[in-house]
Amino acid sequence: VSYTHLADAGVNLIGTIVSGRPFTRQAVAGDVTVGGSGYVGSINGARLPWNYSIDLRIDKRFKQTINKESGKAIYYNVYFRVQNLLDTRNIIGVYGFSADPDNDGFLTSTFGQDRIEGVLRTGRNVANFEDAYNWRVVNAGNYTLPRRMYVGVILDF
């Protein structure tokens with residue numbers, strides 16, 4: 001059995017584990033444009049959850065002779081890379097008042113309820129206001145990126 005076809009090939013599996021990073025809990029809710037104020041506990045006294053990721057890379061190097069007399073060759077490495085192989089949705093950021101990555105807690109706070117009452121007094125649709133606010137709160141930056149796959153070629157000459 002010949003394994004020469006596996007020469008210059010590689011498989012790499014990289015695991016990363018990150019302990020919960022610190023953040024400061026906010027005492028008073030504020031809308032998404034302003035943020036909250038004050039703090040609960042100590043500065044950087046709260047922790048985000050731990051997160052982990054596994055990345056994969058498979059590659060193979062090939063040689064293509066350009067000039068047989070001089071022996072000059074081009075080497076190319078074909079690879080397939082997957083970042084976040086398990087498609088893990090890790091939390092990397094939260095809103096300070098609610099400590100939640102998806103909800104800043106403003107609409108349920110006294111300030112938010114006052115704002116909703118103001119919308120009611122003007123005769124506008126509260127559901128539309130809440131929907132528009134929630135769209136603004138959605139923050140993809142609070143989670144790690146989803147699984148991403150790359151195929152590529154690296155040329156060496």
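Trainee: Which residue takes a positive phi in the hairpin of E4 and E5?

Mentor: In that hairpin, which has four residues between the strands, glycine 71 takes a positive phi near 80°. A strand here is a DSSP run of E, at least two residues long, numbered from the N terminus. This is a predicted model, in which local features need pLDDT of at least 70, side-chain atom pairs count only at pLDDT 80 or more, and totals for chains, interfaces and linings use all residues. Residues are numbered from 1 along each chain as its sequence is written, and side-chain values use heavy atoms, with hydrogens and water left out.

Trainee: How many bridges pair strand E4 with strand E5?

Mentor: Two strands pair if DSSP finds at least two bridges between them. Strand E4 (residues 51-67) and strand E5 (residues 72-83) are joined over eleven bridges in the antiparallel sense; isoleucine 58 has phenylalanine 80 in E5 as its bridge partner, and threonine 65 stands opposite alanine 73 in E5.

Trainee: What is the order of the strands in the open sheet?

Mentor: The four strands follow the order E1-E4-E5-E6, with antiparallel pairing, and strand E1 (9-18) and strand E6 (148-156) are the edge strands, since each pairs on one side only. E1 and E4 are joined by ten bridges, with glycine 10 having aspartate 59 in E4 as its bridge partner.

Trainee: Is phenylalanine 62 buried, partly exposed or exposed?

Mentor: Buried means under 20% relative accessible area, exposed over 50%, and partly exposed in between (1.4 Å probe, protein chains only). Phenylalanine 62, found in strand E4, is partly exposed because its relative accessible area is 33%.
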